[in-house]
Amino acid sequence: MAEPRSTAKGTAAEAVALISNAARARTNGPSAPLRERLIEVGLRGCGLLSIFTTASIILVLAIETFAFFREVTLAQFLFDTQWTPLFVDKHFGIWPLVSGTVLTTGIAILVALPFGLLAAIYLSEFAGQGVRRLLKPALEMLAGIPTIVYGYFALVFMTPILQAVIPGLAGFNSLSAGMIMGIMVIPMISSLAEDALYAVPNSVREGAYALGATRLSTIFRVVVPAAVSGIAASVILAVSRAIGETMIVAIAAGQQPRLTLDPRVPVETMTAYIVQVSMGDTPTGTLEYRSIFVVGATLFVMTFTMNFVSQRLTRRYRSAV
Amino acid sequence: MRIPTILTCLMTIAFLLAASCGGGGQEGGIIRIDGSSTVFPITEAVAEEFQKENPARVTIGVSGTGGGFKKFCSGETAITGASRPIKPTEIELCGGHGVDYIELPVAYDGIAVVVHPDNDWVDHLTVEELKVLWQPEAQTKVVRWSQVRQGWPDEEIHLFGPGVDSGTFDYFTKAIVGEEHASRGDFTSSEDDNVLVQGISTDGLALGFFGYAYYAENSGKLRLMPVDDGDEGNGAGPIAASPTTVADGTYQPLSRPIFIYVDKGAAERAEVQAFVDFYLRNATVLVEEVGYIALPKRAYDLVSERFTNRVTGSLFAGSGSKVGVTVEDLLGGT
């Protein structure tokens, strides 16, 4: 296990050399050829494009959200327990949608965390090079399956199986959607957690062995705790992916906003609500139309917080290693 | 060679100019249609067949019945589909723009109320019970089967219905609750009727409604509920939706004729005339092919006659659907 790490170090050293060369080239300043400058401008443009896109999205969300809150009070939004903006008896309580999202995401993580983490431990600590080379891409392939395929898989395959076991399970339910979503995010956890475990220096393991620890207790008492911030970052990324996931829950979890944590009944997630309204012909500028932006903004705040936390954790784990 | 080429060019340009400046509905060769999403499948099927043997192009929008009339009455479209008769306000609008319309019933549509096949406690529903279930006041309150009728199990009821933009939702709420759009909001609502079929057929506690066409297609997975409107005048007791009961007007209040409205001015154009003739001639086959219920042969003859004679105005005189009167009776009377 020591060889690949030393190889990695070698590559890193080469990379450092390359970068310092590049830095030297840059300090040449105005005398650098025009082509170089053009490339730089082009690259900067690409970088700015993503910032521009994000800024525009935030702007659009903010404008429509602001318009929404001129007609609906924040109290109605936060303290009501029903969400029925499309109907006669209008309620704007966001919680049924939030509970739908939290419930499906929670189930997904309950599935993805053990499987993802154990897969990561196996890949990092037990698997030989051959197995690793085969298993890692295979796991990552799960992330490449289109989510609409997962959605129908949940609806027409998973749900009937679960119904045979769990009486009273509705055709649309958060359980089946959440479990399939969990499978979808396994690769996020397994590959990021594996990176974190792999980065734990061998000296730590050797120290544990020197103290007489078995292989299992070395892994679970020493290596995993050492990599915990990286593992946590992977879980949070998986959570934010699950929160934003749309097709699976729109297809398999139902379309009924319901404030519940019962995994057997149809619920509606925030993303599914946005899909539902966008599919009808809701006229622009109406309250119904704005409601999807409010839900979008709520979603954005949630995933943004998650990503921010995850980035902080990753930074901590990088500096720890 | 040269001169014909230039001529062709000029003609093309002239044609394009005429097309772009001619205003909606009037340009040569294009038939603009809009209106109800309920009528759309029929019109689409007709247009597809029509265009196989005719060079005219047909464009069909789905703005809903109301949106369709708005465009139709301002002369933008030649034909509009409607899942209910024209309203007084729309008659006024058409009058204001000098649009004379010819009202042509093209099919019947029934709304099926269905439950899961394993549901063994419901034998029928009354309109009153449906109202108790679906009215806005029921929201979060009527949530168990036992609250609808005594003796039904004390179990949750899971409701499924079409999305708020659909004509079926409009008609159902008007027929059952009494006011268009008045409905509870805590049910699984989807613009995609296949989602409703899937939801109800996999949930033992489900009850839902959608267009008869979707029941007919999935009758093995669903149980159709007879509905009792409490009116002996149009058939006693609970009556289930079927091609017969919808056509003879006894499946009430959840069945209705659906229409196309043709602009009398546009009907003078050869391609529009050809299209409408084609529509009525092939309706029996195509209507049933897309899952709706065709009018009797005699009714289509009367409708064709109405079109040939360019009879304008509404059979309903702006008073909304007439219950229990067949299209045949209505047309025979004129």
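## Contact between the domains of chain A

In this predicted model, 9 residues of domain 1 of chain A are in contact with 11 residues of domain 2 of chain A, two residues being in contact if their C-beta atoms, placed from the backbone, lie within 7 Å. Domain 1 covers 2-72 and domain 2 covers 77-320; such bounds come from an automatic or database domain assignment.

On the side of domain 1 of chain A that touches domain 2 of chain A, helix H1 (2-27) and helix H2 (34-71) of chain A are the elements that give two or more residues. H2(A) gives the most, with 6 residues. By kind, the residues of this side of domain 1 comprise 5 nonpolar, 1 polar and 3 charged. Here Ala, Val, Leu, Ile, Met, Phe, Trp, Tyr, Cys and Pro count as nonpolar, Asp, Glu, Lys and Arg as charged, and the others, Gly among them, as polar.

## Basis of the description

Residues are numbered from 1 along each chain as its sequence is written, while chains are lettered from A and ligands numbered from 1 in the order in which they are written. As the model is predicted, local features need pLDDT of at least 70 and side-chain atom pairs count only at pLDDT 80 or more, whereas totals for chains, interfaces and linings use all residues.

## Chain A as a whole

Chain A has 13 helices and 0 strands; helices (H or I, at least four residues) and strands (E, at least two) are DSSP runs, numbered from the N terminus. Of its 321 residues, 39% count as buried. A residue is buried if 20 or more other C-beta atoms lie within 10 Å of its own, exposed if 12 or fewer, and partly exposed in between, with C-beta atoms placed from the backbone.

Among contacts in chain A between residues at least 6 apart in sequence, 73% join residues at least 24 apart.

## Contact with chain B

Between the chains, 20 residues of chain A are in contact with 22 residues of chain B. Helix H6 (147-165) and H12 of chain A each supply at least two residues of the side of chain A that touches chain B. That side of chain A divides into 8 nonpolar, 10 polar and 2 charged residues.

## A:Pro266

A:Pro266 lies in the loop between helix H11 (247-252) and helix H12 (270-279) of chain A. A:Pro266 counts as buried because it has 27 C-beta neighbours inside 10 Å. Leaving aside neighbours within four places in sequence, the contacts of A:Pro266 include A:Phe172 and A:Gln256, as well as B:His158 and B:Thr188.
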